[in-house]
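Please consult the sequence and structure shown below.

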Amino acid sequence: MQTVAIVNSPAGLAVVSTQFFRYVLVGAAAFLVDLTLLVWLSGNGMHYLAANTVAFLAANLFNFAAAHRFVFASSARTRDWRALYLVVLVISLAGLAINDLLLWGASDLAGLALVPAKIVATALTLVWNFCARKRLAYY
């Protein structure tokens with residue numbers, strides 16, 4: 001409920017908008033890590049869904065560190081970074097399931113090549129990850 005109340009004021013909307021913009025910047029950097037590993041691993045014979053999982057988890061660790069400092073630094077629900085990372089990891093694992101499902105659908109069902117399919121899956125997963133982190137891990 002707190003997120004909804006904060007967004008109802010102009011100042012609150014500005015804070016959330018700034019956080020989302022910064023989250024997108026951090027996410028773009030994490031996406032480069034993710035995509036580079038995905039292409040490299042799948043190019044070296046790993047199945048694309050397994051490669052996507054490994055790449056996503058590596059990018060998630062980078063994303064957590066960067067987003068914690070650059071996006072949400074003063075709004076963590078706990079000072080214990082291990083507990084906070086566990087919450088973010090659970091959110092990210094749900095995001096990974098969404099990402100894998102979307103990647104499979106875009107690739108196998110819609111026939112998109114791997115990179116465009118990954119871009120679509122990541123863009124849609126971004127919304128889940130930001131909203132869930134904002135709601136469950138940060139104020």
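A salt bridge is a side-chain nitrogen of Lys or Arg within 4 Å of a carboxyl oxygen of Asp or Glu. By this rule the count comes to 2 salt bridges. The model is predicted: local features need pLDDT of at least 70, side-chain atom pairs count only at pLDDT 80 or more, and totals for chains, interfaces and linings use all residues. Residues are numbered from 1 along each chain as its sequence is written, and side-chain values use heavy atoms, with hydrogens and water left out.

**Salt bridges**
- Aspartate 80 and arginine 82 form a salt bridge through their side chains (3.4 Å, N to O).
- Aspartate 80 counts as partly exposed at 32% relative accessibility, and arginine 82 as exposed at 52%; buried means under 20% relative accessible area, exposed over 50%, and partly exposed in between (1.4 Å probe, protein chains only).
- A salt bridge also joins the side chains of aspartate 34 and lysine 118 (3.0 Å, N to O).
- This pair links distant parts of the chain, 84 residues apart: aspartate 34 lies in helix α2 (residues 10-43) and lysine 118 in helix α5 (residues 114-136).
- Both aspartate 34 and lysine 118 are buried.

**Helix α3**
- Phenylalanine 70 belongs to helix α3 (residues 48-70); helices (H or I, at least four residues) are DSSP runs, numbered from the N terminus.
- The buried residues of α3 include Tyr48, Phe56 and Phe64.
- Phenylalanine 70 counts as partly exposed, at 38% relative accessibility.

Definitions and conventions:
Helix = DSSP H or I, 4+ residues; strand = E, 2+ residues; numbered from the N terminus.
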